[in-house]
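Student: I'd like to learn how to read a model like this one. Can you walk me through it?

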Amino acid sequence: MKVEKLDHIGIAVEKIDLALPFWEGTLGLVLHGTEEVKEQKVKTAFLPVGDTEIELLESTDPEGPIGKFIAAKGQGVQHLAFRVENIDAALAELKDKGIRLIDETPRYGAGGARIAFLHPKATGGVLIELCERK
Ligand code: ZN
């Protein structure tokens, strides 16, 4: 398995509109686009920075993963996403190594990526997303 880069850092926010003044206004990043991913009950906003991106995540449903995260921990860094060349091969390799996966098969992610999450219990407490982009 080859990790190509840190694709993005996912940050849970109460409201994207309320978070943007800091990320755009204060830090000077540029909003690259927003997208609602219904399957994950989340609205996303991407702000490129250097070779990676900040992904702001706003819950659209208190029962969704981001809604639950914020209820438990408040706003903040939620996951790290590593880009891999071949996500199917990467998941098969991790499974072989006994790494606990949240997603055994890739699902749709914002921007048309194929994504899958590893379980934080298998990573020392960090929620890690693998993503493949064509
Ligand atoms: Zn992500």
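This is a predicted model: local features need pLDDT of at least 70, side-chain atom pairs count only at pLDDT 80 or more; totals for chains, interfaces and linings use all residues.

Student: Which protein donors does the zinc ion have here?

Tutor: They are His-8 (NE2), Glu-55 (OE), His-79 (NE2) and Glu-129 (OE), at 2.0 to 2.3 Å from the zinc ion. Angles among the 4 donor atoms run from 82 to 164 degrees, so the site is irregular. Along the chain, the donors are spaced H-x46-E-x23-H-x49-E.

Student: What does the pair His-79 and Glu-129 tie together?

Tutor: His-79 sits in strand 5 and Glu-129 in strand 8, so the two link parts that are 50 residues apart in sequence.

Student: Is His-79 buried or exposed?

Tutor: Buried means under 20% relative accessible area. His-79 is buried because its value is 3%, and Glu-129 also counts as buried, at 3%.

Student: And how do I read a nonpolar core?

Tutor: In soluble globular proteins, nonpolar side chains tend to be buried together. Here the largest nonpolar core has 11 residues, including Ile-11, Trp-23 and Leu-56. Another core, of 10 residues, lies apart from it, with Leu-94 and Leu-130 among them.

Student: Where is Leu-18 found, and is it buried or exposed?

Tutor: Leu-18 is in helix 1, yet it is exposed, with a relative accessible area of 69%.

How values were computed:
Residues are numbered from 1 along each chain as its sequence is written. Side-chain values use heavy atoms; hydrogens and water are left out. A nonpolar core is a set of buried Ala, Val, Leu, Ile, Met, Phe, Trp, Tyr and Cys residues joined through side-chain atoms within 4.5 Å. Buried means under 20% relative accessible area, exposed over 50%, partly exposed in between (1.4 Å probe, protein chains only). Helices (H or I, at least four residues) and strands (E, at least two) are DSSP runs, numbered from the N terminus. Donors are N, O and S atoms within 2.8 Å of the metal (3.2 Å for Na, K and Ca); water is not among the atoms, so sites may look incomplete. Four donors count as tetrahedral if all angles lie between 85 and 135 degrees; four count as square planar and six as octahedral if opposite donors are over 155 degrees apart and all others between 65 and 115; anything else is irregular.
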